[in-house]
Amino acid sequence: MEIPYTVEVRRDTGLTNGKIGIWLFLASEVMLFGALFASYILIRTGMPVWPRGDTILNVPLATFNTIVLISSSVTMVMAWASLKRNRFGTFRVYLGSTVLLGGVFLLVKYFEYSHKFENGLFPRTSNFLALYFTLTGLHMLHVIGGMAVNAYLWGPGAKLWKTNPEWFTNRVENSGLFWHFVDLVWIFLFPTLYLL
Amino acid sequence: MSQTTGTVAAGGAHVAHAAHHEEPGFWRTYVFSTDHKVIGIQYAVTGLLFLFFGFSLMMLMRYQLAYPGTAFPLLGKILGDSRMPGGIMLPDFYNELGAMHGTIMVFLGVVPLAVGGFGNFVLPLQIGAPDMAFPRINMASYQCFFLGGVTMLASFFVPGGAAQSGWTSYAPLSVIASQGQTFWLIGMIFLITSSLLGAVNFITTTIQLRAKGLTFMRFPFFVWAQFVTSFLLLLAFPPLEAAGIMQLMDRVAGTSFFLPSGLVVSGQALTNAGGGNPLLWQHLFWFLAHPEVYVLILPAFGIVAEIIANNTRKPLWGYKPMVYSLGFLGFMSFVVWAHHMFMTGMGTAMAAFFQTTTMIISIPSVVILTALILSLWGGSIRYNTPMLFALGFLPMFGIGGLTGLPLGLNVSDIPLHDTYYVIAHFHYVVAPGTIFGLFAGIYYWYPKATGRKMNETLGKIHFWGSLICMNVIFMPMFKLGLAGVSRRLFDGGASYAFAAPVLHLNVVSSWGAWIMALFQLPFIINFFWSIRHGQKVGDNPWEATTIEWSAPSPPPHGNFLAPPQAYRGPYEYSVPGAAKGFQPQFEA
């Protein structure tokens, strides 16, 4: 039995199942991070004093990480565009770079985290750090999830290109939508935590 | 080999592959199935088991409430000295029972049965789909639910027992509670993941896989109900997930999201950083839990609407206003949450906002209920078991809904909020309301799932017994509540002199609950007995008009023998001048 509209679009909606699915998933992700940002506002406004992010956190490192993530979004789009132009080799290069840039982001985050821990700064130390670790930690889990999916599409999942290139391209597009969302969350996290 | 031949070869291999797997083994058929019908039945049976378990917890509590501090040696032996030494219930154990009764009934019983069970089984059939849009995600959804359930059950056996801070897990009590609360939070994260996967699947399936000709305004009302419910699950659960993560951080990593400064526990000042906000938890919790109320009730609305149209042999009265009300209800359910929090001392401006939205949201509910009642008008009603449960639903939900109005208004909520009045109110909505709707659905779609009807006599005993007992249980609670008896007392109010004149009502409620357990036996017997011995019926035993009745009973993998098509609206019963008494959607 075949599920219809996994590859071809349904004419009256103009969409595939996967496309609707990923957007719905992103809507729920918006609610998840939205709730966390709302909590940030409530907790911050309830405190008599609140540290400026740059007095505790490393702004240059985070700026570097922002550039890394934005670049990875660019390579993600290029990967998808390569498939659209039927260039599988270039696709692999771009998707591979996306995964690697995600790795660079995690590596920088690892140095940031361990530097905090060495200086005795833990989630329990203050509400600012509690929010910092919770928000960036959850974001990192999303980065790892996106990298896992992209790595799958780069490696074993790429077999689908041979049998059903259109389906495979759609999968890369959907994975890309998630990756851009993860990037976007960071673009909100960076000023909220590091600059304000 | 060129691309084309490659595809053809792959296609041929696929056919051979499918033929080879005609008879998947036991595990693939019943445990790791991707068939929406099997997953639906898995959800429904697990949900029913949890409903029974949650009900058993409540029966234990009712014993303590009716006869506080009295020994029940037999139970003492079974449950052990840490819970009931010598058969006398300890307060901590009572708290565990209370918290887990609520959690299990809502998150592991009613929602899995209403959404996971009925949604999975009925929705794809009703829209003429071969399966859900993402069958493997569907399977993962059930597995996450199952893990969540196991985690919740396991929490009874950790040191200190299960969660004790109510199904609402209010901070800061929940943050400083014993280990069971951590299990509760992890269990909730599994359940939230499960409902997220389910909701994405339901919405995509409804939009994409509906049969040719089945436009949105030709949907059966049940499909609309599940559609709106899925949006509520999709958007309201993530904030609770965020809250759960923060509470988990508070408990495990020592943060203070929900712990204010200067907390003293058992004479010891807490060493946490402090500065957190306990009300934040309440806001995030009720931001989920109010839409959750509609997640509980909307599927029941859908089921009842199907059954009423079918058994009055009439179209639903006001299908379009009902659909619009449903959408409005779903939207409004996101802006009423703080009416659960009038007691927190919020400002009058906030209270005014939330009581206004609450009064507004009662309008679409009343529209739907009124339309259902008016649908009965002038009908030649068939009083079979599903219809009896559907008819029972109407006044019971009516009582539940109308008694909610005083709770939605700030001024009248304050004296009532902490009393049994609230328990009576929402149990009328959920127990004889939603659960009656779900029973109606089980009796109604059972022939589709098994090819046999359930026994009518046993069904009627089940209905009348349950209807009477439900009222015996919950009606006295209105009086207890109006007399001012707090709903949070371990002894049911025995330590307060002012409660003395009404305390005998606790005994009435308790006996009502225990007798109601007996009236569930005919249902349990009926459910299993009818699988093999029920009356054999054809594909459309109720002479219904919606598409699921065009599939064979039980439907094979892939559901329909030929792709179905919708030619008309869902409820064309008794159309004047028509050749037949009913015009199925699926017949040209």
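How close do the axes of helix α7 (residues 180–208) of chain B and helix α8 (residues 221–252) of chain B come, and at what angle do they cross? I looked that up and found that the axes come within 8 Å and cross at roughly 155°. Axes here are lines fitted to C-alpha atoms, for helices over the stretch in contact, with angles from 0 to 180 degrees between N-to-C directions. Helices are DSSP runs (H or I, at least four residues), numbered from the N terminus.

I noted that this is a predicted model, where local features need pLDDT of at least 70, side-chain atom pairs count only at pLDDT 80 or more, and totals for chains, interfaces and linings use all residues. Residues are numbered from 1 along each chain as its sequence is written, and chains are lettered from A and ligands numbered from 1 in the order in which they are written.

I put α7(B) and α8(B) down as roughly antiparallel to each other (angles over 145 degrees count as that).

Next I checked chain A. Helix α5 (residues 127–154) of chain A packs with helix α7 (residues 165–195) of chain A at about 160°, axes 10 Å apart. That makes α5(A) roughly antiparallel to α7(A). Among the residues that meet, I listed Tyr132(A) and Leu135(A) from α5(A), and Trp179(A) and Trp186(A) from α7(A).

Then I went to the chain interface. I found 32 residues of chain A in contact with 39 residues of chain B (contact: C-beta atoms, placed from the backbone, within 7 Å). The largest share of chain A's side, 14 residues, comes from α1(A).

Conventions. Helices (H or I, at least four residues) and strands (E, at least two) are DSSP runs, numbered from the N terminus. Angles under 35 degrees count as roughly parallel, over 145 as roughly antiparallel, 65 to 115 as roughly perpendicular and the rest as oblique. Two residues are in contact if their C-beta atoms, placed from the backbone, lie within 7 Å.
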